[in-house]
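Please examine the sequence and the structure shown below. The paragraphs that follow lead through selected salt bridges and helix contacts.

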Amino acid sequence: MQKAPTKAAAKRASGKAAQGQLLDTLLLLADAQTPRAVAQSIAQALRSHADCEGAVVTWGLDGQGGLQLEPAIALSESALELARSAIARPQAVLVSDGINAALRLPDAAAAVVLPAEPARRMQEAMGDAADPLSVACRFMRRALDAADLEGEHKRLAHSERVQHALFAIADRAGSDRDMPELLRGIHAIVGELMYAENFYIVWHDTKAATLRFLYFVDVEDANPPGNYGDVPMDTVRHSLTWYLLHDGKPLMGTATQLAAQASGPLRLIGTDSADWLGVPMLRDGVACGAIVVQSYDAAITFSTDDRALLEFVASHILTAIERKRSKEDLEQRVRSRTFELAHANRVLQLGMAERQHAERLQKALFQIAGLATADISQAEFYRQAHTAIGELMNARNLFIALISADGESLEFVYSIDETGERYESRPMGYGLSEYVLRAGPAILSRQDIIELERNGEIDMEDVGSLSVCWLGVPLAVGDETIGLIAVQSYDPQIVYGPAEHELLTFVASQVANSLQRRRSVEALRASHAQLEQRVAERTRELSNEILEREKMQGQLKHQVMHDALTGLPNRSYLLDRIGRVLRRFKREKSRKCALLYLDVDRFKIINDSLGHLAGDTVLKEFSHRLQACVREPDIVGRLSGDEFAILLEDVPIPGAAIRIAQRVLEEVGKPLVVAGETIEPSTSIGIAIGDLGYQYADDLLRDADTAMYRAKKSGRRQWVMYDESLQENAVNVLAMEIKLRSALLLDQFEPYFQPIQRLSGGETVGYEALLRWNHPTRGPIGPDDFMQVADDGGLMEAIDWKMFEKTCRQAAQLDPSARGYVSINVSPLHFRRGDFHARLVEAIGRTRWPARRLVVELTEGTLIDHPEEARATLERLRAAGIDAALDDFGTGHSSLSYLHTFPLRMLKIDRSFVAALDPHAQGSSAKIVGAVIALAHALEMEVVAEGIETAEQRDALIALGCDYGQGFLLGRPAPLAHWAQQPATASS
């Protein structure tokens with residue numbers, strides 16, 4: 001019976017077993033070089049224990065190189081979580097969930113996952129450094145470190161390759177290689193970094209919305225879409241390349257994966273690939289292009305590392321392509337600019353050559369033109385002209401021929417010929433010169449000359465020596481041909497072409513003009529001698545004519561500056577004389593002068609009654625009497641018509657002017673017999689004193705005229721001295737005229753009606769329409785305040801017509817009974833109008849006022865001034881049913897011989913006679929009024945007394961037999977509105 005082993009023997013047996021396990025583990029680890037080989041040794045050592053067969057060694061859980069398992073079996077997520085937790089501990093701590101446990105291997109980023117109980121025993125065993133598992137852990141740490149170093153080395157090597165690749169790309173971009181070679185180099189560089197057998201680069205033009213394949217290499221497709229040309233983006237819409245450029249995002253994977261990554265429907269173009277990788281080349285977020293690699297082999301795929309690498313490289317490739325394209329664009333612009341500069345240089349050189357040629361031509365033409373007036377002989381003229389032509393072209397053989405004056409011969413005035421041939425004048429024939437004169441400019445070769453001779457155009461006998469080339473141009477002045485100029489060459493090397501033809505044409509024109517001018521100069525010289533003789537003869541004749549003309553000019557000047565009728569200085573002479581006197585006042589400030597402005601009173605009446613010859617006689621005598629009143633240097637002048645002036649220069653002012661004015665009034669007023677009648681002429685005189693205050697003669701004349709008109713208005717036959725008040729009055733008159741014109745436009749004139757009554761019964765038989773101006777500020781104004789201004793300004797006629805029509809329109813409202821009449825005052829001006837009666841009839845026709853109830857009132861002056869015209873007008877008015885009344889009878893001429901010859905209905909006695917009536921009608925006024933009433937009744941006229949203001953005057957008139965009357969006693973003038981409210985009292 002065998003004895004049981006002792007404890008010592010068991011301990012020795014256990015030690016030997018442990019030594020055996022350590023030896024076995026060391027033998028396995030001796031050949032382990034990688035973390036997996038070490039893990040296999042650890043796993044094998046653990047599996048030697050019966051309860052550790054499920055042990056699994058894990059490493060790489062920290063993210064370095066990914067998850068690694070030995071043996072390579074699937075672990076649950078809870079087991080992996082235990083392993084991560086254990087590796088994260090700094091020491092070999094057991095992490096357990098009650099079923100499994102994970103134990104971190106000492107000194108190594110690895111763990112062992114196994115059941116919980118064996119794991120605790122394993123933890124105890126690792127406390128012994130001689131334990132095989134502890135030894136294996138140290139081997140594992142060294143293997144992991146070695147693997148990390150190897151991975152870092154690979155990454156560094158990869159980074160170095162990428163860096164070298166980028167340097168190579170940048171180097172190629174800056175090299176002289178063309179774009180295709182640059183892109184081939186880029187392809188090769190990318191191929192060193194990753195699989196790139198199928199590779200293309202596409203460029204995107206965002207402005208034009210096109211793309212172009214810059215580079216394309218593919219084992220399946222030979223050419224890209226568009227065959228390297230521009231392709232519209234719409235053509236490849238929804239393709240992989242379109243999405244790269246449109247979205248600006250990389251795409252990678254199989255067709256199915258790519259379809260999922262695309263932002264829209266996918267359209268495949270070209271051969272379908274097993275794997276596809278494309279990245280955009282972005283600049284500021286915009287896709288300027290794209291780089292694509294693809295694989296048709298399912299075993300070759302692209303990773304995220306490849307995509308990251310290609311994205312990194314793409315930005316540098318974009319920079320390289322942009323640099324290359326910019327460089328090529330710059331080189332193209334440089335070449336284009338160089339070509340443009342070269343072309344401009346050629347143009348400039350041609351221009352310089354043409355300008356030099358033009359300068360030579362201009363110099364020659366100026367030289368030839370200068371010869372036309374040069375004082376040289378005709379032969380020298382031709383020689384110098386030949387020299388000038390020789391500087392422009394080959395002219396060693398040249399001649400100039402002119403057509404004779406009769407046109408029958410050709411005169412060779414100049415010739416130079418290398419053959420020594422002499423050119424003699426000859427009759428017109430059939431030579432080359434005559435051919436040019438007939439046909440125009442010609443360039444002829446020897447063959448051309450022979451052909452012309454064969455065609456009968458020329459005769460060789462008239463040609464002379466036969467030249468190799470002959471050029472002839474006619475000499476023409478305007479439309480006339482006067483000759484020709486020709487050059488010829490006997491040397492086959494010297495021929496003439498279009499340039500020489502054009503040049504000789506220019507020169508011929510200048511030579512012809514120069515010849516014509518020289519001919520003109522010669523003709524001028526020939527006639528100069530004759531002209532000098534004729535000038536001398538004519539000078540003598542002109543001397544006599546000048547003396548006669550000076551005499552005539554003196555007479556003409558006198559006539560221009562003097563009046564033809566009276567011989568007195570006229571207005572122009574007088575204004576000139578006054579102007580000189582006023583200018584002298586600027587030097588002699590204390591000096592003064594006086595201007596007397598005279599007008600013959602009532603000269604128009606003299607002229608109209610006695611005739612124009614009598615009027616001329618009066619003016620002559622008037623001028624003689626004025627001259628008798630003055631002395632030198634005072635002058636008398638006739639201004640116009642019956643207006644004269646006297647200029648007093650060197651007399652005491654104003655006393656002398658007044659004395660002379662008084663003398664003139666006395667001298668002019670003496671009786672004068674004209675046309676068998678004795679008249680007593682008179683004048684009105686205006687005096688203006690001239691001093692330093694006057695600058696212009698017209699101003700002095702104006703002021704004297706103003707004073708003269710004041711004298712006429714004051715009663716004539718007197719003088720008036722001008723002062724500022726007269727000028728102020730003239731200004732006021734002008735202002736009133738302006739206001740009158742405005743009043744006419746604004747319809748401010750209105751008739752006021754004054755009743756005319758039967759004196760015996762008191763009933764109203766009619767009304768007289770009196771003019772009133774409704775002034776906007778002064779109220780109603782009578783005609784005495786503005787009629788003269790209106791008459792002088794030519795406004796009275798227009799005012800009258802407005803009054804006539806307005807009176808007739810208002811008359812119907814004034815007298816509804818339609819039995820009374822209305823009278824209107826008509827000035828003499830209207831009776832001088834031949835159409836007055838027609839216009840008046842037309843005017844009252846528009847108002848529908850009966851003509852039989854209208855009476856026109858006229859003054860005695862109207863009848864006396866133009867009796868025939870007044871009579872004819874009154875007769876036409878009566879024929880139309882309009883009666884007439886003689887107004888203010890007794891204030892005018894009161895010519896009773898005229899009264900019965902006019903068709904008058906009534907006579908109106910002036911208020912001056914009525915005012916002088918006494919209550920008993922016994923005074924002289926009563927006798928005159930009684931006579932007038934008796935005369936009117938004898939002529940079957942009605943009598944109206946004006947200005948009845950008292951009952952005594954009315955009673956006196958009734959006693960004298962007066963029919964009708966008007967005045968303030970019977971009714972004051974008032975507008976229509978006043979009388980329209982009164983009861984009608986008119987009777988027939």
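Predicted model: local features only at pLDDT ≥ 70, side-chain atom pairs only at ≥ 80, totals over all residues.

The side chains of E942 and R905 form a salt bridge, with an N to O distance of 3.7 Å.

Are the two partners buried or partly exposed? R905 has a relative accessibility of 22% and therefore counts as partly exposed. D883, at 18%, counts as buried.

A further salt bridge joins E857 to K908, where the closest N and O atoms are 2.7 Å apart. E857 is located in strand β29 (residues 854–858) and K908 in strand β31 (residues 906–909), so the pair connects parts that lie 51 residues apart in sequence. E857 is buried, as its relative accessible area is 2%. K908 is likewise buried, with a relative accessible area of 0%. The general principle behind such pairs is that side chains of opposite charge can pair when their charged atoms come close. In this model, the count of salt bridges comes to 37.

Attention now turns to helix α25, which spans residues 867–879 and contains R871. R871 counts as buried, because its relative accessibility is 17%. Which residues does R871 contact, leaving aside its neighbours within four places in sequence? The residues in contact with R871 are T901 and F902.

Helix α25 also packs against helix α23 (residues 836–847), at an angle of about 30° and with the two axes 9 Å apart. The angle falls under 35 degrees, and α23 and α25 are therefore roughly parallel to each other. The crossing of α23 past α25 is right-handed. On the α23 side, the contact is made by F836, H837 and L840; on the α25 side, by T873, R876 and L877. Sorted by class, the contact between α23 and α25 has three nonpolar, two polar and one charged residues.

Helix α16 (residues 612–627) packs with helix α17 (residues 655–668) at an angle of about 140°, and their axes are 9 Å apart. This angle makes α16 oblique to α17, because the roughly antiparallel class begins over 145 degrees. The crossing of α16 and α17 is right-handed. Which residues make the contact of α16 with α17? From α16 come F622, R625 and L626, and from α17 come V664, E667 and V668. By class, the contact of α16 with α17 has four nonpolar and two charged residues, and no polar ones.

Notes:
Residues numbered from 1 in each chain as written. Heavy atoms only, no water. Axes fitted to C-alpha atoms, helices over the stretch in contact; angles between N-to-C directions. Helix = DSSP H or I, 4+ residues; strand = E, 2+ residues; numbered from the N terminus. Parallel < 35°, antiparallel > 145°, perpendicular 65-115°, else oblique. Left-handed = near helix turned anticlockwise from the far one by under 90°. Contact = heavy atoms within 4.5 Å. Nonpolar A, V, L, I, M, F, W, Y, C, P; charged D, E, K, R; others polar. Salt bridge = Lys/Arg side-chain N within 4 Å of Asp/Glu carboxyl O. Buried < 20%, exposed > 50% of the residue type's maximum accessible area, 1.4 Å probe, protein only.
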